[in-house]
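Please examine the structure shown below alongside the following account.

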Amino acid sequence: MISANELRTGVTFEIDGQVFVVIQFTHIKPGKGSPFVRLKMKNLVTGNIVEQTFRPEEKMKSAYLEHKNMQYLYKSGDVYTFMDSTTYEQIELSSADLGDAVHFLIENITVDVVYFQTKPVSVELPTFIEVAVTHSEPGVKGDTATGANKPAQIET
């Protein structure tokens, strides 16, 4: 069990059978009254972001998440197929399950698939991905004094 006082960014916990991950937390000590913890948390199953306040002594059940290294194989319509590198078991996830990760998936890339109670809930990409830039506008002369940035399209 985790008390609300121990919650930090990235901590996962369960409330009423739903698993949440803390996105942002704030401990608030008002001048009058008891302190409380305000959390911005994401439901890992549905993807909804919720804000909620808790008293510091409230307890939550710690969520056990399993991470498996899997290789991205291919996309078929709206479904993405991944393969476990050790057992060769294949799973399929929709683009809604993957979120923004779909923009950075390259065939044969190894990712961490996060499971909650034998159900895949999200995908964690590697820290660095090597991709080729397919298109970029030319830089504007004189924009380099402050370290200019420009948009670029990548192969994915």
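A residue is called exposed when its relative accessible area is over 50%, buried when that value is under 20%, and partly exposed in between. The model to which these terms are applied here is a predicted one.

By this cut-off Met1 counts as exposed, because its relative accessibility is 69%. Met1 belongs to the segment that precedes β1 (2-3). Despite this exposure, Met1 touches Lys59, Met60 and Lys61, when residues up to four places away in sequence are not counted. A further distance places Met1 relative to Glu14: the two are 13 residues apart along the chain, and their C-alpha atoms are separated by 9.7 Å.

With residues up to four places away in sequence set aside, Ser85 touches Asn69, Met70 and Gln71. From Ser85 to Ile109 the sequence separation is 24 residues, while the C-alpha to C-alpha distance is 11 Å.

Asn108 lies in the loop between α1 and β10 (110-116), and its phi is near 70°, a positive value in a residue other than glycine. Thr118 occupies the loop between β10 and β11; phi of Thr118 is near 65°, again positive in a residue that is not glycine. How accessible is Asn108, buried or exposed? Asn108 has a relative accessible area of 51% and is exposed. Thr118 is also exposed, with a relative accessible area of 76%.

Leaving aside neighbours within four places in sequence, Asn43 is in contact with Gln18, Val19, Phe20 and Asn48. With Gln18 there is also a polar contact, made between the two side chains at 2.9 Å.

Charged side chains come next. Side chains of opposite charge can pair when their charged atoms come close. How many salt bridges does the model contain? The count comes to one. In this salt bridge the side chains of Arg55 and Glu57 meet, with an N to O distance of 3.1 Å. Glu57 is exposed at a relative accessible area of 52%, whereas Arg55, at 46%, is partly exposed.

The account ends with the largest pocket, which holds about 360 Å³ of space. Its lining comprises 20 residues, and those nearest the centre are Lys42, Asp97, Leu98, Gly99 and Ser122. Which elements each supply at least two residues of this lining? They are β4 (36-43), α1 (95-98) and β11 (119-124). The largest share, six residues, comes from β11. Sorted by class, the lining of the largest pocket has 10 nonpolar residues, together with five polar and five charged ones.

Key: Residues numbered from 1 in each chain as written. Predicted model: local features only at pLDDT ≥ 70, side-chain atom pairs only at ≥ 80, totals over all residues. Heavy atoms only, no water. 1 Å grid on protein atoms, 1.4 Å probe; cavity = no way out; pocket = protein on both sides within 12 Å on 5 of 7 lines; lining within 4 Å. Points joined across faces, edges and corners; volume = space filled by probe spheres on them. Helix = DSSP H or I, 4+ residues; strand = E, 2+ residues; numbered from the N terminus. Nonpolar A, V, L, I, M, F, W, Y, C, P; charged D, E, K, R; others polar. Salt bridge = Lys/Arg side-chain N within 4 Å of Asp/Glu carboxyl O. Buried < 20%, exposed > 50% of the residue type's maximum accessible area, 1.4 Å probe, protein only. Polar contact = N/O pair within 3.5 Å; in protein donor to acceptor, adjacent residues only side chain to side chain. Contact = heavy atoms within 4.5 Å.
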